[in-house]
Structures are given as C-alpha cells and as structure tokens.
Amino acid sequence: PRPLAFPNGWNAETLAGTKTLTLGDSIFQALDPGGSGRNVVLPSGFTKGRFYFIANHADAAEDLTVQQPDASTTAATISQNEMAILYAADDIAASANSGWAIFFISTGSIS
C-alpha cells in the first residue's frame, strides 16, 4: 500500500480579515489570526462528507470563530494552540445556518 497523500492539501496563512473557505481550498488550514480575532466562513453547496482541519497558529490569545456558510452562525470557536476538525453532515444551500459540525477540538502546542 502507498502512503496517503494530499497534494496541495496544506495552507499556512496569516489573516488580515475574514477567511472564506471554498470547496477547492486545502483540507488542512494552519491560520494565524494576525493580531486580532478573525472569522473563518465554511463553504456552501454540495458538501456532505467534506471536512477541514483548522489550527489556530496565533502567537497570542486570538480566537478563530468558524462560521456556517451564512457567515453569522457560529460552528466553532478555536482558541490559540487549538485545532478542530469540522465536517459536513448534510448538503447545504447557500446562506445555510447549519450543516457543518465539530468532530473534535484538541489543545496542544502547534509549531
């Protein structure tokens, strides 16, 4: 068997504002809020079975508020040195306020 690989599956980024994920974005997101709490908006559309690993790579107490595709309903809050896996339990329409759920949030040292 070959090892599992995710070509272009990793994104490390310092945010300057809201990050809106698309279905074409990397599964693994290492995000630094860049000095202030930031919002991360999950994608809409035919999403059932999709998932994202989102890590808060902040150097201070800055939260990432992960929002449903409606950009106002909170799906999760990820604090400094936390990582969450969020998955789409249902296909959701544009502007949906549900559909994404937390699988788990883990705390640890993120390098």
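The protein contains 0 helices and 9 strands, where helices (H or I, at least four residues) and strands (E, at least two) are DSSP runs numbered from the N terminus. The order of elements from the N terminus is β-β-β-β-β-β-β-β-β. The radius of gyration is 13 Å, close to the 13 Å that the globule rule gives for 111 residues, so the protein is as compact as a globular protein of that length. This radius is taken over C-alpha atoms, and the globule rule is 2.2 Å times the number of residues to the power 0.38. The model is a predicted one, in which local features need pLDDT of at least 70 and side-chain atom pairs count only at pLDDT 80 or more, while totals for chains, interfaces and linings use all residues. Residues are numbered from 1 along each chain as its sequence is written, and side-chain values use heavy atoms, with hydrogens and water left out.

The C-alpha trace spans about 45 × 35 × 20 Å along its principal axes. Of the 111 residues, 37% count as buried (buried is under 20% relative accessible area, exposed over 50%, partly exposed in between; 1.4 Å probe, protein chains only). Among contacts (heavy atoms within 4.5 Å) with a separation of 6 or more, 52% are between residues 24 or more positions apart.

The protein carries 5 positive and 10 negative charges, whose mean positions lie 12 Å apart. Here Lys and Arg count as positive and Asp and Glu as negative, with His and the chain ends not counted; the place of a charge is NZ of Lys, CZ of Arg, CG of Asp or CD of Glu. Side chains of opposite charge can pair when their charged atoms come close. The count comes to 1 salt bridge, defined as a side-chain nitrogen of Lys or Arg within 4 Å of a carboxyl oxygen of Asp or Glu. It joins the side chains of lysine 19 and glutamate 13, at 2.9 Å from N to O. Lysine 19 is buried at 12% relative accessible area, whereas glutamate 13 is partly exposed at 26%. Lysine 19 lies in strand E2 (residues 19-20). Beyond four places in sequence, lysine 19 touches Asn11, Glu13, Gln29, Asn39, Val40 and Val41.

Lysine 48 is placed in the loop between strand E4 (38-41) and strand E5 (51-56). This residue is exposed, with a relative accessible area of 60%. Apart from neighbours within four places in sequence, lysine 48 is in contact with Ala88, Ala89, Asp90 and Asp91. Lysine 48 and alanine 61 are separated by 13 residues in sequence and by 32 Å in space, C-alpha to C-alpha.
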